[in-house]
Amino acid sequence: MRVTLVTEGTYPLTDGGVSTWCDLLIRGLPHVTFDIVALSGVGTEPSRWDAPSNAGVLLQHGVWGRPPSWRRRRRAASFVNPLQRELHYFWRSVLNPFPDAQSAGLRASLRRLIAMDDETDIAACLANADSSRALAQAWNEFAQDQKLPKMSVADAVAVASIVDRTLALLSLRPPESDLVHATANGPCGLIGLAVKWRHDTPLILTEHGIYLREQYIALRRSALNWVQRRAVATFTRAVSRIVLQEADAIFPVSDFNGGWAVQLGAAPTRVHTIRNGVDGSAYRLIRTEPEEPTIVFVGRIDPLKDLDTLIRAHALVVKALPRTQLRIFGPVPAGNENYAAGLRALVGELRTDRLVTFEGACDGREALTAGSLIALTSVSEGLPFTLIEAMMCGRATVSTDVGGVRECIDAEQRVGRVVPPKQPQAFADACIPLLSFASRRHRMGDLAAMWARERFDIEEFTTAYALAYENVAPLRSRPYIAEESA
């Protein structure tokens, strides 16, 4: 069997939870050949993972790389006017306030764009066409009825520069395969749709976080104004709904994610949770602890991890336990440099710089060994590997109640504590008793190790996906019904 695995900003170009998941999936299904479509920033990022023997073609594409060459753009010039008309229809569909009409119009428009790409090159056409004009015209046609402000030329240019790069992905041509597996919605899902509609290849989707929700969070932090954010968010939601409606099967990593999928239009019979699995034999129990009470974070330095809350919570813990250290392990992804600088500045403002260290990327076990307590303060998660791995090693944990985090622990919170997100005081209050009493955290760690080894078994994970692939691959326009695999 041959599978096209589509990733964005993860495997095989970065470390982290989704990349770990991809590696476990590929190595766990040695009978499957995986071709990888890896979306990245500029398209030249080096691979961080050794390719296993069943890895096939790697097609790396920089979403924000160089635009098409002048020669390609010249060949596509004759399609500019038809594309301009289609983009007007496309934006009218995206901005339609009625969900069913929006989906029907967008589905038809995307199919026509794909058909147009089969004759020319949509990426080159978009580089030649003034798509901002189509957007502004469509927006202003709806503006009065929806009580929206008018869209300026500058607004339209800003939005089109973002959306056009996503639509240009319709030009990608992965090798033909038995099925395409998108590891996220949005751009990954759009590539999957193009493959499905071109070749009648079944499409499955796994969402680790909620792509749409995470994009909303990112837009709130962006420099875009309200009109620009509204247009990009509406486009993102519309595309996400189409992918969920068209996917033959959806395998969320948590029931929480599955609920979002259904809410956004996925048929419940196509949604079946497959939780992450971890090889327990690779995670021996850690019995040692640092001399001073120490909180450890392991993960990328990213706004979604809300390290602001962790740093503020640590400052509150220090008031009760003055020697408590905070060690932050993880890389700073490209584009997050200002966020990382802001965190360091916050540590200075709180006057905890002598107790807080930024350790950079390191081996996960080394990071887990460095702490008395493992902390996760994210505002969005799927089913976090950091938490599962910490539990496997017998570490006590405190996490925010987002995504599938609560599904990682027992209802009584004996194997881990969860608190509401973005509440430093609540997080500190959960940490202080565990840091104060070794017996409490050791008892929690022992229970967590037993719980995690039973609940997140790698064999169950790989068997579930092997069965899913076998059920989905033969399909041709017939949706996979999750109950059939029972």
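The numbered points below go through the predicted model from the whole chain down to single residues.

1. Basis of the note. This is a predicted model in which local features need pLDDT of at least 70 and side-chain atom pairs count only at pLDDT 80 or more, whereas totals for chains, interfaces and linings use all residues. Residues are numbered from 1 along each chain as its sequence is written, and side-chain values use heavy atoms, with hydrogens and water left out.

2. The chain as a whole. The secondary structure comes to 18 helices and 12 strands, where helices (H or I, at least four residues) and strands (E, at least two) are DSSP runs numbered from the N terminus. A compact globule of 486 residues would have a radius of gyration near 23 Å, and the chain, at 23 Å, agrees with this; the radius is taken over C-alpha atoms, and the globule rule is 2.2 Å times the number of residues to the power 0.38. The C-alpha trace spans about 70 × 50 × 40 Å along its principal axes. Buried residues make up 56% of the 486 residues, with buried meaning under 20% relative accessible area, exposed over 50%, and partly exposed in between (1.4 Å probe, protein chains only). Among contacts (heavy atoms within 4.5 Å) between residues at least 6 apart in sequence, 74% join residues at least 24 apart.

3. Strand 1 is joined to strand 4 (residues 179-182) by 4 bridges, the two running parallel, and Val 3 has Leu 179 of strand 4 as its bridge partner.

4. Another open sheet has 6 strands in the order 9-8-7-10-11-12, and the pairing is parallel. Strand 9 (356-360) and strand 12 stand at its edges with a single partner strand each, so one side of each is left without a neighbour in the sheet. Neighbouring strands here are turned by 20° against each other on average, direction ignored. Strand 7 (residues 294-298) and strand 10 (residues 373-376) run parallel and are joined by 2 bridges, with Ile 295 standing opposite Leu 373 in strand 10. Helix 15 lies across strand 7, strand 10 and strand 11, running at about 165° to strand 11.

5. Helix 17. The 18 residues of helix 17 (residues 438-455) should span 26 Å at 1.5 Å a residue, and the end C-alpha atoms are 25 Å apart, which agrees; the expected span is 1.5 Å times one less than the number of residues. Its buried residues are Arg 441, Met 444, Gly 445, Leu 447, Ala 448, Ala 449 and Ala 452. What covers them includes helix 15 (385-392), strand 11 (397-400), strand 12 (417-419) and helix 16 (424-436).

6. Cysteines. The structure holds 0 disulfides, a disulfide being a pair of cysteine sulfur atoms within 2.5 Å. Cys 362 is in no disulfide, and the nearest cysteine sulfur, that of Cys 393, is 13 Å away; Cys 362 counts as partly exposed at 32% relative accessibility. The sulfur of Cys 408 is 14 Å from the closest cysteine sulfur, in Cys 393, which is too far for a bond, and Cys 408 counts as buried at 0% relative accessibility.

7. Backbone geometry to inspect. The peptide bond from Tyr 11 to Pro 12 is cis, with omega near -5°, and Pro 12 is found in the loop between strand 1 (2-8) and helix 1 (17-28). Asp 306, in the loop between strand 7 and helix 12 (307-320), has a phi near 45°, a positive value in a residue other than glycine, and counts as buried at 3% relative accessibility. Gln 413 likewise has a positive phi, near 60°; this residue is found in the loop between strand 11 and strand 12 and is buried, with a relative accessible area of 18%.

How values were computed. Pairing = 2+ DSSP bridges. Axes fitted to C-alpha atoms, helices over the stretch in contact; angles between N-to-C directions.
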